[in-house]
Amino acid sequence: MKLLSFTALQIRRKILAREIRTSDLIKELYERINKVDPDVQSFLALNEKAAFDAAKEIDQKIANSVKVGLLAGIPIAIKDNICTEGIATTCASKILRNFIPPYDAFVIKRLKEEDAIIIGKTNLDEFAMGSSTENSSYKITRNPYNLNCVPGGSSGGSTAAVAADIAFMALGSETGGSIRQPAALCGVVGLKPTYGRVSRYGLIAFGSSLDQIGPVAKDVCDTALLLSVIAGKDKHDSTCADIGVPDYLKGIDGGVKGFRVGVPVEYFGKGLDDDVRTAVDKALKIYEKLGAKIVEVSLPHTEYAVAVYYIVANAEASSNLARFDGVRYGFRSNDVKGIDEMYCRSRSEGFGNEVKRRIMLGNYALSSGYYDAYYLKASKVRNLIKKDFDEVFKKIDCIICPTSPVPAFEIGERVNNPLEMYLSDIYTIPANLSGIPGISIPCGFSKKGLPIGLQILTNCFEEAKMLQIAYAFERETDFHLAKPKL
Amino acid sequence: MSINIKDIEYIASLSKFKLNDDEKMVFVGQLSEVLSYIEKLNKPDTENVMPLVHPLSMTNVFRDDKQEESISRENVQFIAPAVMGAFFKVPKVIE
């Protein structure tokens, strides 16, 4: 158990110093997975044999003093909407139950090049559509801090696994807060990179102008390490930015003296839980103490973000998910008469209700006679939301606010009310619409003992500064060291 | 904005979904609720605002017109529901 509570950077040091063998670490890890994952339910599939083979190879390399990668021997869990060659990638959907990708996503290729060990695929809301990981077709993941509560979503399997010490790090994905919100609810660190910072090649598409893959980790330094590995230009994704990747660990301890921190009034209004408000207020005091100047700012179009998101994301999803037709891969319904019946039955039997709801909403918004009223209008308001950020970033270094308006809610509490569920993402969605990066770090606990997340947002491609600001807080506090009782 | 059963049937046909009557009723209620929430987008003035369809301003990305290796046909057909020779096999297309 003790080994598994270390951070990735700590465990890497031990592996490189030959204090521990990767194969022993992997053995201990799978023992704990077998012990706690029947409760937490974070994994959809384990990659045990390949993980042991990879571990042996790394041990061999280290024994022979062969150079190893940046993530040598570090066990990593992967959200199950990221393609892994030879390992089923289901998107937690019945329609991809038997889908074994014939290629690796760009980020998986990078992890392998740096000698990381892929330990398994984690649960998510079907096609990443949801905020609680309850919309999975296979299982409901539980919050390690309270098994009756949701872990958040859609990357809830990844954040729960890291919180439960059954993965040292994980990859998640975001379209509208799906890394930051579950990271907040599970008490771990989650980062959404600038749109274009990380290649989307091999990420099963949901909303192509919003989707980004990002790291989930136990602390800010591990997050920086993982981002350094997965970021960068990839010729297979033409929206991937051709901007050099710094070593995000370098200069991370630079502090926040003289930094101007913007606090948006719109993020502290109605609907914000008292415990969350208190924790965020205390965090702002700490930043002040560290030498940052706190200034009030306004992002006046925040109230429209969720409405814009549900048009834009679902319009893009309705188009992206048209590819699931039962022809080339995935589920095909049997005993059908013609091709149209095959499409209809395969999609109706293969997709769950939330996915159907969103595809229909997207098709409605794009359909003849409604395009101007919905998609075009939403795209214009999206620009207003982006301009809000452009304006405030002329005057400040970062924005600090809550990640989620509430701590983890109970399983079943919001599942029958889609609109209420959508509003869980009210503080995270604006960053996806604008393309800016964001991070959630642990900043306290509610009276019921549930984790609370602090969100930091910066301008595009300022991940290094964002991590530096996050680390300044982490260094002063010990919320990131808390462990759930499992 | 509320939508009715006929609208749901039309959107379902665009989406290639076959819904039963109970499902149609549930979706009418839920989508109406979401659409009435979305009506708030009529409030902000967007008269002179350009639509933003992509967060980064990017230009075309070009590459050399050079042949590269891709995933083999065998590996692609391996995961298909039905194949025949070099083809994907599907039910009757023309009645």
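Which residue caps the N-terminal end of α7(A)? I looked this up first, and found that A:Asp219 does so, with a side-chain oxygen 3.4 Å from the backbone nitrogen of A:Cys221; a polar contact is a pair of N or O atoms within 3.5 Å, where within protein one must be able to donate a hydrogen and the other to accept it, and residues adjacent in sequence count only if both atoms are side-chain atoms.

I noted that this is a predicted model, in which local features need pLDDT of at least 70 and side-chain atom pairs count only at pLDDT 80 or more, while totals for chains, interfaces and linings use all residues. Residues are numbered from 1 along each chain as its sequence is written, chains are lettered from A and ligands numbered from 1 in the order in which they are written, and side-chain values use heavy atoms, with hydrogens and water left out.

**Helix α7 of chain A**

I then followed α7 (residues 220-230) and saw that 11 of its 11 residues are buried, where buried means under 20% relative accessible area with a 1.4 Å probe, protein chains only. Among them are A:Val220, A:Asp222 and A:Ile230. After the helix comes A:Gly232, whose phi is positive, near 125 degrees. Helices here are DSSP runs of H or I with at least four residues, and strands are runs of E with at least two, numbered from the N terminus.

**The sheet of chain A**

Next I traced an open sheet of 11 strands with mixed pairing, in the order β1-β3-β2-β4-β6-β5-β10-β11-β9-β7-β8; two strands pair if DSSP finds at least two bridges between them. Strands β1 (43-46) and β8 (293-297) of chain A stand at the edges with a single partner strand each, so one side of each is left without a neighbour in the sheet. Within the sheet, β2 (residues 75-79) and β4 (residues 169-174) of chain A pair in the parallel sense over three bridges, and A:Ala77 stands opposite A:Ala170 in β4(A). Helix α2 (residues 22-40) of chain A packs on the sheet, touching β1, β2 and β3 (117-122) of chain A, where contact means heavy atoms within 4.5 Å.

**Chain B**

Last, I turned to chain B, whose elements run α-α-α-β-β from the N terminus on. Its radius of gyration, taken over C-alpha atoms, is 23 Å, well over the 12 Å that the globule rule (2.2 Å times the number of residues to the power 0.38) gives for 95 residues, so chain B is more spread out than a compact globule. I also noted that buried residues make up 29% of the 95 residues in chain B.

Key: Axes are lines fitted to C-alpha atoms, for helices over the stretch in contact, and angles run from 0 to 180 degrees between N-to-C directions. Buried means under 20% relative accessible area, exposed over 50%, partly exposed in between (1.4 Å probe, protein chains only).
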